Amino acid sequence: QVRLVESGGGLEQAGGSLRLSCVASGRISSVDAMGWYRRAPGKQRDLVATITSGGSTNYADFVKGRFTISRDNAKNTVYLQMNTLKPEDTAVYYCNVRARNMYYVVSDYWGQGTQVTVSS
């Protein structure tokens, strides 16, 4: 069974920084991509950033220039460095892993979510 363990969330002031980490474990044959999504109160879940196993990245417009996604393939870990935080970044952040099992079947796995709160 695949499990995602997140860490790094918390309370920060506007302009500050946080670094989120997510470690994937379990029966994963290969990882296509890892990423971060967020859901603000009363809002739908939005993509924040993704990164493929090859290092290609994709960012939502509202975080470009402020957030950086990175990964360590050997450790099945993805990071999200969040700088210049804004109150509107307040949300539950979810780690996502798109992985394949031994039969090459693709599945998306999600973490429990970690709360990021940015005060003004």
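**Notebook: nonpolar core and disulfide**

I looked up the largest nonpolar core and found 29 residues, of which W36, L80, M82 and Y93 touch the most other members. A nonpolar core here is a set of buried Ala, Val, Leu, Ile, Met, Phe, Trp, Tyr and Cys residues joined through side-chain atoms within 4.5 Å. The model is predicted, so local features need pLDDT of at least 70 and side-chain atom pairs pLDDT 80 or more, while totals for chains, interfaces and linings use all residues. Numbering runs from 1 along each chain as its sequence is written, and side-chain values use heavy atoms, without hydrogens and water.

At least two residues each come from strand 3 (18-25), strand 4 (30-39), strand 5 (45-52), strand 7 (67-72), strand 8 (77-82), strand 9 (91-100) and strand 11 (114-119). Strand 9 gives the most, with 5 residues.

For L80 I listed contacts (heavy atoms within 4.5 Å). Leaving out residues up to four places away in sequence, L80 touches L18, R19, L20, W36, V48, A49, F67, T68, I69 and Y93.

I searched the whole structure for disulfides (cysteine sulfur atoms within 2.5 Å) and found 1. This disulfide joins C22 to C95, with S to S at 2.0 Å. C22 is in strand 3 and C95 in strand 9, so the pair ties together parts 73 residues apart in sequence. The S-S torsion is about -85°, so I noted the disulfide as left-handed.

I also looked up burial (buried is under 20% relative accessible area, exposed over 50%, partly exposed in between; 1.4 Å probe, protein chains only). C22 counts as buried at 0% relative accessibility, and C95 counts as buried at 0%.

Technical notes:
Helix = DSSP H or I, 4+ residues; strand = E, 2+ residues; numbered from the N terminus.
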